[in-house]
Amino acid sequence: MAEKNMALPPEMESEIEALKGLLLDIQESKTDPEELAAISKNEADLNAAGKKPKQSIVKSQLTLYKKELQNTTQEIERIHKALEHIAEMRKNYFSSLSTALKGCPKEISAELAALKETAETLPLWVGENDEEIPPLCGAVQTDAGYVAKPSDMVAAFVTVKHRLHEWILAEVINYDFTTEEYKIQDIDEKQKSTYVLKKEKVIPLPNMRANPVENPNAIFPKGTTVLALYENTTCFYKGVVHEPPGTAFEPYQISFEDNDCEGGYSPPINVPQRYVLAFRSFETE
């Protein structure tokens, strides 16, 4: 059976064109190969001259260095701008998927596949020098004062039918700073899909992947008890890290609690970083 391709929302076409423009700007800010060759030649002449280089060569090299520094600074700024634009596009696309999940129940499997793809292509955080890993990167949690913004994706602890309690994948509608409560929307439920929850019952999802090689402290180690999204569902369940990702492109392998399985845990299941969270539990009636 042929796989169904997810069509981009029409409103994203202009965003894609804008991104193309930003990428062209990045290309234009790169140093001309002839200028790089001139820098290398001057460097060779300076090294050959030893302690008595010609002032004309020194002056020329300084001019080339200043120009290259300016080009590099512009390139960095344009790259950051492009990354911010991509993050906004991802946010809009994810929002459209949430709408599709609620409006097209017959296509849920295709939409869940798209949600998985979105998680697997989450931006990778790359720090500079000894830059501290930011919150919501991999396993790095936020502080108690953090408030998720409208349209952010979260795990939410809700009461569903027959007083059943579940952690669900949801979208933030708003936050009331007076009552310290979120209003959230289940991306999968067909009816009564909004809930009002205390802040401690909502966990923001990571918005960046961590590189296990560069930042192992942003990865849950083997044996850690976690909340993780079970495959082909929009619910989070208790599990244990069977194997953490070995590279920035690998998922976790999570063994979920299952009394029907030998040892009380299921065989390992792949779960992207975005859907693996620090375990949190609540007493239920």
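## Overall layout

Read along the sequence, the protein chain runs α-α-α-α-β-β-β-β-β-β-β-β-β-β, that is, four helices and 10 strands. Helices (H or I, at least four residues) and strands (E, at least two) are DSSP runs numbered from the N terminus. The model is predicted: local features need pLDDT of at least 70, side-chain atom pairs count only at pLDDT 80 or more, and totals for chains, interfaces and linings use all residues. Residues are numbered from 1 along each chain as its sequence is written, and side-chain values use heavy atoms, with hydrogens and water left out.

Of the 285 residues in the protein chain, 37% are buried (under 20% relative accessible area; exposed is over 50% and partly exposed in between, with a 1.4 Å probe and protein chains only). The chain exposes about 17700 Å², of which carbon and sulfur atoms supply 52%; the areas come from the Shrake-Rupley method with a 1.4 Å probe, and for residues only the protein chains shown count as cover. Among contacts (heavy atoms within 4.5 Å) between residues at least 6 apart in sequence, 56% join residues at least 24 apart.

## Nonpolar cores

A nonpolar core is a set of buried Ala, Val, Leu, Ile, Met, Phe, Trp, Tyr and Cys residues joined through side-chain atoms within 4.5 Å. The largest has 35 residues, and those touching the most other members are Leu 169, Leu 205, Phe 220, Phe 236, Ile 254, Tyr 275 and Val 276. Elements giving it two or more residues include helix H4 (108-120), strand S2 (165-176) and strand S7 (235-243). The most, four residues, come from S6.

Phe 236 touches Ala 155, Trp 167, Ile 168, Leu 169, Leu 205, Leu 227, Ala 228, Leu 229, Tyr 275 and Leu 277, not counting residues up to four places away in sequence. A second, separate core has 15 residues, among them Val 154, Val 158, Tyr 175 and Cys 235.

## Pockets

Pockets are found on a 1 Å grid over the protein atoms alone, as open sets of points where a 1.4 Å probe fits, with protein on both sides within 12 Å along at least five of seven lines; lining residues have an atom within 4 Å of a point. Grid points are joined across faces, edges and corners, and a volume is the space filled by probe spheres set on the points.

The largest pocket holds about 1100 Å³ of space. Of its 33 lining residues, Leu 83, Ala 87, Pro 123, Asn 207 and Met 208 are the closest to the centre. Helix H3 (55-103) and S1 are the elements that give two or more residues to this lining, and H3 has the largest share, 11 residues. By class, the lining has 19 nonpolar, five polar and nine charged residues (Ala, Val, Leu, Ile, Met, Phe, Trp, Tyr, Cys and Pro count as nonpolar, Asp, Glu, Lys and Arg as charged, and the others, Gly among them, as polar). The second largest pocket holds about 360 Å³ and is lined by 23 residues, with Gln 141, Thr 142, Ile 203, Pro 204 and Arg 280 nearest its centre. Strand S5 (202-204) and S10 each supply at least two residues of that lining.

## Two loop residues

Ser 266 is found in the loop between S8 and S9 and is buried, with a relative accessible area of 9%. Not counting residues up to four places away in sequence, Ser 266 touches Ser 255, Phe 256, Asp 258 and Cys 261.

Lys 222, in the loop between S5 and S6, counts as exposed at 55% relative accessibility. Not counting residues up to four places away in sequence, Lys 222 touches Val 241, His 242, Glu 243 and Pro 244.
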